[in-house]
Amino acid sequence: LKNKIVKSGFSCVLYNIIPDILSPDVEGTRKYFETIAEKVKNDLEEFQNQYGIKRVVIMGFSLSCVIASMVASFNKAVEGIIFVVPGSSLAKSMWYGLRTVNIKRIMEKNKVTLPYLENKWENLAPKKYAEGFKSKQVKIILSQSDMIIPYSLGKEFSDAVKKFVHSAIIK
């Protein structure tokens with residue numbers, strides 16, 4: 001994908017997120033997501049100042065849609081956002097995801113409940129940032145076969161976005 005973007009004459013910055021981004025450590029996971037989002041925001045500001053970048057499109061895949069929503073919301077330089085298999089809430093995505101069953105089991109052993117997790121990870125819920133997408137072009141690509149983010153949570157996210165972005169493209 002990066003090669004196609006560059007060949008089309010655009011610049012591309014790619015962030016690779018470690019596979020262990022989700023863990024039974026509730027606070028550690030929250031801090032990890034927030035740290036990455038802050039790093040991307042700072043990098044974006046630096047790129048704008050250093051290179052005069054005026055237009056930005058952010059793309060998030062699966063769990064990185066959390067970071068994409070945190071960065072893009074209310075950021076005037078971001079004109080467009082593409083979400084590929086997003087979820088409405090990191091807590092729900094982890095709780096109901098098929099590939100996060102072991103993490104959920106450990107959390108349950110530690111007396112962590114979904115309501116507790118939703119409270120602790122409130123800022124990691126992409127739907128919370130939907131209002132900040134009002135002036136942006138938004139495309140959301142959902143998958144009924146995704147093993148990490150259940151389709152119902154992607155649908156919940158797209159419904160939240162459509163309340164603020166009537167022109168959002170949902171596929």
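On a 1 Å grid over the protein atoms alone, a pocket is an open set of points with protein on both sides within 12 Å along at least five of seven lines, and its lining residues have an atom within 4 Å of a point. Grid points are joined across faces, edges and corners, and a volume is the space filled by probe spheres set on the points. The model shown is predicted, so that local features need pLDDT of at least 70 and side-chain atom pairs count only at pLDDT 80 or more, while totals for chains, interfaces and linings use all residues. Residues are numbered from 1 along each chain as its sequence is written, and side-chain values use heavy atoms, with hydrogens and water left out.

**View 1. The largest pocket and its lining.** The largest pocket has a volume of about 1,800 Å³. Its lining comprises 47 residues, of which Val13, Val57, Ile58, Met59 and Gly60 are the closest to the centre. Two or more lining residues come from each of several elements, among them helix H1 (2–7), strand E1 (56–61) and helix H3 (64–72); helices (H or I, at least four residues) and strands (E, at least two) are DSSP runs, numbered from the N terminus. Strand E1 gives the most to this lining, with six residues. By residue type, the lining divides into 33 nonpolar, nine polar and five charged residues, where Ala, Val, Leu, Ile, Met, Phe, Trp, Tyr, Cys and Pro count as nonpolar, Asp, Glu, Lys and Arg as charged, and the others, Gly among them, as polar.

View 2. Asp43 and Lys39 form a salt bridge whose closest N and O atoms are 2.9 Å apart, the term meaning a side-chain nitrogen of Lys or Arg within 4 Å of a carboxyl oxygen of Asp or Glu. Both residues lie in helix H2 (residues 26–51), four residues apart, which is about one turn of the helix. Asp43 is buried, at 11% relative accessible area, whereas Lys39 is partly exposed, at 45%; buried means under 20%, exposed over 50% and partly exposed in between, with a 1.4 Å probe and protein chains only.

View 3. Lys155 pairs with Asp159 in a salt bridge, with 2.9 Å between the closest N and O atoms. In helix H7 (residues 151–162) these two are four residues apart, and therefore separated by about one helical turn. Lys155 is partly exposed, with a relative accessible area of 33%, and Asp159 is also partly exposed, at 32%.

Terms used: 1 Å grid on protein atoms, 1.4 Å probe; cavity = no way out; pocket = protein on both sides within 12 Å on 5 of 7 lines; lining within 4 Å.
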